[in-house]
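Subject: Structure handover

Dear colleague,

Please find the structure below, with the sequence. My notes on it follow.

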Amino acid sequence: MIIETPSLTLRPWTAADVDALVKNANDRRIWANVRDRFPHPYTRADAEGWVALCASRAQPAEALAIVVDGEAAGAIGLERFDDVHRCTAEIGYWLGAAYWGRGLATEAVIALTRAGFEQLGLERVQAGIFDWNRASVRVLEKAGYAFEARMRRHVVKDGRVGDVLLYARVREDAPAGERR
Ligand SMILES: CC(C)(COP(=O)(O)OP(=O)(O)OC[C@H]1O[C@@H](n2cnc3c(N)ncnc32)[C@H](O)[C@@H]1OP(=O)(O)O)[C@@H](O)C(=O)NCCC(=O)NCCS
């Protein structure tokens, strides 16, 4: 899957992205807001492993590079649930700090969510945000996601127990909810 928006391209990872991936992903501020399976420090071997893993995956939107000005600046993906939840996906994303504060993550989330509904047949896209992550909450709000629940003490990250905020957008919300 390839998605073009005014400021960025979402496309599959390639071996040529490894240097940019290490540069942008090797940041404790990113690690602190994502799952522990995201490595820190983020090495060249991690980046090569990630690109190889993505190449082996069958789902078209599970792991895309966010490309800005020709560089892989971050990542975004839709991980589909299965069985009776198969029309739901979890959206996840991160962006290198050099790119923060320009509305890029919001633009990427809006574009991939729309593709999830229009191209992948999803009914619902959701995200679980660590409750200290105000920037990500803001991204989802700007992308038209609704707050649904506070899952109390649902995360242990960096030695800290915290709540997780569940946000979701459903097909029938689209496209009206894209408030900025
Ligand atoms: C979350 C993240 C993707 C945001 O990327 P971004 O491109 O800077 O996001 P945007 O510019 O689209 O929007 C960020 C919004 O958060 C706001 N914001 C940033 N830091 C904030 C803070 N500490 N408190 C409150 N709001 C904050 C910005 O002001 C902006 O809102 P505005 O447009 O109303 O001013 C990026 O910070 C990141 O990669 N963080 C680490 C990984 C992560 O958290 N991933 C998401 C896991 S669920």
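The side chain of Asn26 reaches the backbone nitrogen of Tyr42 at 2.9 Å, a polar contact (a pair of N or O atoms within 3.5 Å; within protein, one must be able to donate a hydrogen and the other to accept it, and residues adjacent in sequence count only if both atoms are side-chain atoms). Please note that this is a predicted model, in which local features need pLDDT of at least 70 and side-chain atom pairs count only at pLDDT 80 or more, while totals for chains, interfaces and linings use all residues. Residues are numbered from 1 along each chain as its sequence is written, and side-chain values use heavy atoms, with hydrogens and water left out.

Asn26 and helix H1

Asn26 lies in the loop between helix H1 (18-25) and H2; helices (H or I, at least four residues) and strands (E, at least two) are DSSP runs, numbered from the N terminus. Asn26 counts as partly exposed because its relative accessibility is 36% (buried means under 20% relative accessible area, exposed over 50%, partly exposed in between, with a 1.4 Å probe and protein chains only). Leaving aside neighbours within four places in sequence, Asn26 is in contact (heavy atoms within 4.5 Å) with Leu21, His40, Pro41 and Tyr42.

In H1, six of the eight residues are buried: Val18, Ala20, Leu21, Val22, Asn24 and Ala25. Their cover includes H2, helix H3 (44-56), strand S4 (71-80) and S5.

The ligand

The ligand has 21 residues around it, of which Gly101, Thr106, Asn133, Arg138 and Lys142 come nearest (a residue is near a molecule if one of its heavy atoms lies within 4 Å of it). A polar backbone atom of Gly101 is 2.7 Å from a ligand oxygen. A polar side-chain atom of Asn133 also lies 2.7 Å from an oxygen atom of the ligand, and an N or O atom in the side chain of Lys142 is 2.7 Å from a ligand oxygen. Taken alone the ligand exposes 970 Å², and the protein buries 70% of that (Shrake-Rupley method, 1.4 Å probe).

Helix H2 (28-31), strand S5 (88-95), helix H4 (104-118) and helix H5 (134-142) each give two or more residues to the shell. The largest share, six residues, comes from H5. By type, the shell divides into 10 nonpolar, six polar and five charged residues; Ala, Val, Leu, Ile, Met, Phe, Trp, Tyr, Cys and Pro count as nonpolar, Asp, Glu, Lys and Arg as charged, and the others, Gly among them, as polar.

Helices H5 and H4

In H5, the buried residues are Ser136, Val137, Val139, Leu140 and Lys142. S5, H4, strand S6 (124-130) and strand S8 (160-170) are among the elements that cover them. After H5 comes Gly144, with a positive phi near 85 degrees.

Thr113 is in helix H4 and is buried, because its relative accessible area is 2%. Its side chain makes a polar contact of 2.7 Å with the side chain of Tyr145. Not counting residues up to four places away in sequence, Thr113 touches Ile91, Val125, Tyr145 and Arg169.

Cysteines

With a disulfide taken as a pair of cysteine sulfur atoms within 2.5 Å, the count is zero. Cys54 counts as buried because its relative accessibility is 13%, and Cys87 as partly exposed because the value there is 29%.

Regards
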